[in-house]
Amino acid sequence: MVEKIKAYRFERLDETLSQLNSEDCAIIAGGTDVMVLHKSRRGVPPKIPKPIVFINHLSELKQVYQHHKDLHIGACCTYSELLENPLIPFALKNAINTIAAPAIRNRGTLGGNICNASPAGDMLPLLYVYNAKLLLRSVNGDRMVAISDFIQGPRRVQRFHNEIVTEIILPFVLEDSHVFFEKVGNRNADAIAKVSFAGFVRISKDRIDDIRFAFGAVGPTMVRSIDIEKKLVGKTIPLADGDIAAIVAAFDKIIRPIDDQRSTAAYRKTVALYLLRYFLSMKQYQPN
Ligand SMILES: Cc1cc2nc3c(=O)[nH]c(=O)nc-3n(C[C@H](O)[C@H](O)[C@H](O)COP(=O)(O)OP(=O)(O)OC[C@H]3O[C@@H](n4cnc5c(N)ncnc54)[C@H](O)[C@@H]3O)c2cc1C
């Protein structure tokens, strides 16, 4: 006999939050990670150990707007919706275009990619270099947390069972910043990353004011080092070979990938350092 699943789908966010407060439920947004995680053999419904609550229809979680120049993105915006939105930065759209294929992009959400906390989540390296913050809401109110504090390890996030991530906030991104994203997978479409890299640089009169890098799929979470980044602040573009070599050597020490079914640790490390070197060697950076 097929087991019954208890499922909730409320019209409003406040009703959904009340339910989450009174019962420990599994949240489903697009379901593209949840359904894979709990899949059963062919023809058998997935086994989800808790009651489920659907959130991806809630209009409160699908707004995109600017406030004090920060960009607020509703956690349940699908990738396809973000691709259509003129407020979404070009670099983010570039990364979205590398995710899966259109069917998954029509269902999968930005909030789901973050809360799934896969080391290979394609949106994560960029969100780290944007210094993204997450707004979490519960019946007790709102709290804000940096993405790098929220994600604690593979599928481990700092979320209480009664909270929903409502917004992803990209702090004011200055017009003279430049953002780069590259994903390396088995093929261009429908491939999970072997390695990914995001770089962010803000330059005034050839001088670096701010520079950030994050690597995906080479550790349990995104690899970023603010201490290493600081070594380049104040340097002029193009960077000297010695400066580039020093930064690459510093990351060589802290990047510790693993072998798995998608790639080898040695390949991942070589490509990650190559992407960093490529980004640092650019003589001109593309606008954000
Ligand atoms: C065929 C296929 C290809 C894929 N390709 C890629 C790819 O190329 N790159 C990539 O990065 N990913 C890929 N994925 C993974 C997946 O599509 C993405 O991670 C997607 O963004 C997940 O979003 P979702 O809304 O479907 O999440 P769901 O599956 O609904 O949820 C994922 C997790 O997040 C939690 N959650 C979701 N939203 C919230 C919220 N607002 N607040 C609190 N918790 C929440 C859920 O409880 C669950 O634990 C692929 C998946 C499939 C099936």
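User: Which backbone atom lies 2.9 Å from a nitrogen atom of the ligand?

Analyst: A polar contact is a pair of N or O atoms within 3.5 Å; within protein, one must be able to donate a hydrogen and the other to accept it, and residues adjacent in sequence count only if both atoms are side-chain atoms. Here a backbone N or O atom of Val165 is 2.9 Å from a nitrogen atom of the ligand. Oxygen atoms of the ligand lie 2.8 Å from a polar backbone atom of Val34 and 3.0 Å from a backbone N or O atom of Ala100. This is a predicted model: local features need pLDDT of at least 70, side-chain atom pairs count only at pLDDT 80 or more, and totals for chains, interfaces and linings use all residues. Residues are numbered from 1 along each chain as its sequence is written, and side-chain values use heavy atoms, with hydrogens and water left out.

User: How many residues surround the ligand?

Analyst: A residue counts as near if one of its heavy atoms lies within 4 Å of the molecule. The ligand has 33 such residues around it, and the closest are Ile27, Thr32, Asp33, Tyr79 and Thr109.

User: Which helix supplies the largest share of the shell around the ligand?

Analyst: Helices (H or I, at least four residues) and strands (E, at least two) are DSSP runs, numbered from the N terminus. H6 gives the largest share, 5 residues. Strand E2 (26-28), helix H2 (34-37), helix H6 (110-116) and strand E10 (164-170) each contribute at least two shell residues.

User: What share of the 288 residues of the protein counts as buried?

Analyst: Buried means under 20% relative accessible area, exposed over 50%, and partly exposed in between (1.4 Å probe, protein chains only). In this protein the buried share is 49%.
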